[in-house]
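User: I have this one open on my screen and would like to go through it with you. Could you start with whatever term I need before we talk about the sheets?

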2 protein chains.
Amino acid sequence: MKIEQGQTFTGIEKVDKYRALYYAGASGDYNPIHIDPDFGKMVGLNGTILQGLCTLAFAAKTVTDWAGDPGKLKKIKCRFSAPVMIEDTISVQGTVTEMQAGRARVDLSVVNQSGEEVLQKVEAEVEI
Amino acid sequence: MKIEQGQTFTGIEKVDKYRALYYAGASGDYNPIHIDPDFGKMVGLNGTILQGLCTLAFAAKTVTDWAGDPGKLKKIKCRFSAPVMIEDTISVQGTVTEMQAGRARVDLSVVNQSGEEVLQKVEAEVEI
């Protein structure tokens with residue numbers, strides 16, 4: 001695949017009912033807001049929320065699926081802007097915004113099913 | 001510690017609210033009966049139940065705490081006889097029933113707060 005400025009790609013992920021539990025096991029992040037719906041409600045969330053780094057992982061996977069090789073993703077960063085609830089659907093769109101020194105800079109939009117940005121300022125660098 | 005036939009020891013463990021979730025992460029056993037109270041109710045359990053091997057681990061830890069060294073526990077086996085619910089209290093009592101060829105055989109009673117045996121025929125071998 002030839003990577004060019006302006007190129008776009010997309011990904012979509014419905015958050016599995018048990019994803020926050022699986023991610024708790026994988027990451028060690030067992031904060032009750034991720035694993036206990038009653039606790040989530042008690043602190044004003046509408047149940048449990050997904051770990052932010054898991055949402056970022058969905059975004060990263062969209063990039064690596066597009067790039068064809070996980071090793072090509074050299075950097076990714078974001079701001080966590082809104083909680084992702086269990087069974088939300090996360091849509092990712094990436095755009096190559098710059099090509100320089102063997103790297104493509106990719107800006108990503110990451111939104112839930114209501115179009116709300118759950119991550120902001122999502123920038124990745126991909127080796128080309 | 002000198003281990004002698006007839007010697008007894010005990011252990012007690014209140015099953016943490018999140019223990020089945022932690023054990024799911026540790027063991028990979030994410031069966032919904034262990035992590036999803038609604039699913040548990042749907043299949044006729046009163047919520048989620050603890051992984052049987054986690055209950056056996058409580059019994060094993062009682063033995064190794066008594067023996068003073070995890071490496072001294074050479075064998076343990078049991079029959080899983082009743083489900084352990086989240087927030088049950090598990091009481092373990094061990095008795096040295098035989099000493100032979102450098103090993104102590106320990107028979108264990110493992111019951112919940114109602115005195116119901118949650119494990120049966122629990123036998124361990126400890127190096128002496």
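Analyst: Two strands are said to pair if DSSP finds at least two bridges between them. Please keep in mind that this is a predicted model. With that term in hand, chain A has an open sheet of five strands in the order β1-β3-β4-β5-β2, and the pairing is antiparallel.

User: Which strands of chain A stand at the edges, then?

Analyst: Those are β1 (8-14) and β2 (73-80) of chain A, and each has a single partner strand, so one side of each is left without a neighbour in the sheet. Neighbouring strands of this sheet are turned against each other by 20 degrees on average, with direction ignored.

User: How many bridges hold β4 and β5 of chain A as a pair?

Analyst: Strand β4 (residues 103-111) and strand β5 (residues 117-127) of chain A pair in the antiparallel sense over eight bridges. Within that pair, A:R105 stands opposite A:E125 in β5(A).

User: OK, over to chain B. What is the strand order there?

Analyst: In chain B the order is β1-β3-β4-β5-β2, again an open sheet of five strands with antiparallel pairing. Here β1 and β2 of chain B are at the edges with a single partner strand each, so one side of each has no neighbour in the sheet.

User: And what sits between β4(B) and β5(B)?

Analyst: The two strands form a hairpin with five residues between them, and in the turn B:G115 has a positive phi of about 85 degrees. Eight bridges join β4(B) to β5(B), which run antiparallel. As for individual partners, B:V111 is bridged to B:E117 in β5(B), while the bridge partner of B:V110 is B:L119.

User: Which residue of β5(B) does B:F80 stand opposite?

Analyst: B:F80 stands opposite B:L119 in β5(B), the residue that is also the bridge partner of B:V110. Strands β2(B) and β5(B) pair in the antiparallel sense over six bridges.

User: Switching to helices: how far does α4 of chain B reach?

Analyst: Helix α4 (residues 52-67) of chain B has 16 residues and reaches 23 Å from its first C-alpha to its last, which is close to the 22 Å expected at 1.5 Å a residue. After α4(B) comes B:G68, whose phi is positive, near 85 degrees.

User: Which of its residues are buried, and what do they pack against?

Analyst: In α4(B) the buried residues are B:C54, B:T55, B:F58, B:A59, B:A60, B:T62, B:V63, B:W66 and B:A67. The buried residues of this helix pack against β1 (8-14), α1 (19-27), β2 (73-80), β3 (89-100), β4 (103-111) and β5 (117-127) of chain B.

User: Which residues have the most contacts inside the largest nonpolar core?

Analyst: That core has 58 residues, and those with the most contacts inside it are A:A59, A:V63, A:V110, B:A59, B:V63 and B:V110. If we take A:V63 and leave out residues up to four places away in sequence, A:V63 touches A:L73, A:G94, A:V106, A:A124 and A:V126.

Definitions and conventions: Residues numbered from 1 in each chain as written. Chains lettered and ligands numbered in written order. Predicted model: local features only at pLDDT ≥ 70, side-chain atom pairs only at ≥ 80, totals over all residues. Helix = DSSP H or I, 4+ residues; strand = E, 2+ residues; numbered from the N terminus. Expected span 1.5 Å × (residues − 1). Buried ≥ 20, exposed ≤ 12 C-beta atoms within 10 Å, placed from the backbone. Contact = placed C-beta atoms within 7 Å. Core = buried A, V, L, I, M, F, W, Y, C linked by C-beta atoms within 7 Å. Axes fitted to C-alpha atoms, helices over the stretch in contact; angles between N-to-C directions.
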